[in-house]
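Colleague: I'm new to this one. Could you put it up and talk me through it?

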Amino acid sequence: MTTRLLKGMCALLLLTATAIAAAGDKVVYHINDAKGQALSALRNIRNHLDTAPDTTIAVVSHAEGVDFLMNDYPQADQVAPLVSALASRGVKFDVCEITLKNRKLSKDQFMLEAEFVPSGVVELAKLQQQGYAYIKP
């Protein structure tokens with residue numbers, strides 16, 4: 001009986017692993033300092049998708065990390081084309097609404113690609129619970 005149970009559990013684990021692999025990788029990039037992280041993170045994401053195009057990628061930004069998604073970001077000429085190209089490849093760009101409130105920012109100050117979540121850190125935790133690998137550039 002124990003051997004049958006063990007074989008059944010192994011089969012179930014194999015099926016689960018196969019289903020997860022078939023679904024593709026899921027990764028969340030965490031940006032909380034646009035000046036120090038954004039441009040290199042965007043390039044890393046581009047390289048990530050060039051190598052593993054089936055990867056589902058979310059970028060969660062909060063605090064000073066939201067700045068790179070703002071229309072008046074000083075490096076917008078470098079960042080905006082990358083954000084646009086990555087969004088067209090399915091990358092989701094989440095901005096923390098707590099940051100907006102604390103910094104007195106409005107949603108209309110952000111690029112069209114920006115999406116808004118109630119809390120950046122809660123979104124990070126939620127995505128990790130959903131099987132997203134965490135990358136902090």
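Colleague: Okay, how many aromatic pairs does the count come to?

Modeller: First, a caveat: this is a predicted model, so local features need pLDDT of at least 70, side-chain atom pairs count only at pLDDT 80 or more, and totals for chains, interfaces and linings use all residues. Residues are numbered from 1 along each chain as its sequence is written, and side-chain values use heavy atoms, with hydrogens and water left out. Rings of Phe, Tyr and Trp (its six-membered ring) pair if their centres lie within 6.5 Å; planes under 30 degrees apart are stacked, over 60 edge-to-face, and the rest tilted. By that rule, the count is 2 aromatic pairs.

Colleague: Which parts does the pair of Phe68 and Phe93 tie together?

Modeller: The two rings sit 6.4 Å centre to centre with 65° between the planes, an edge-to-face pair. Phe68 is in the loop between β2 and α3 (76–88) and Phe93 is in strand β3, so the pair links parts 25 residues apart in sequence: that loop and β3.

Colleague: And how are the rings of Phe110 and Phe116 arranged: stacked or edge-to-face?

Modeller: Their centres are 5.7 Å apart. The planes stand at 85°, so the pair is edge-to-face.

Colleague: Is Phe116 buried or partly exposed?

Modeller: Buried means under 20% relative accessible area, exposed over 50%, and partly exposed in between (1.4 Å probe, protein chains only). Phe110 is at 4% and counts as buried. Phe116 has 24% relative accessibility, so it counts as partly exposed.

Colleague: Why do the buried residues of α5 line one face of the helix?

Modeller: In α5 (residues 120–129), the buried ones are Gly120, Glu123, Leu124 and Leu127. Down the axis of α5, they fall within an arc (taken from the directions from the helix axis to the C-beta atoms) of 105°, so they line one face. On the other side, Val121, Val122 and Gln129 are exposed.

Note on methods
Helix = DSSP H or I, 4+ residues; strand = E, 2+ residues; numbered from the N terminus.
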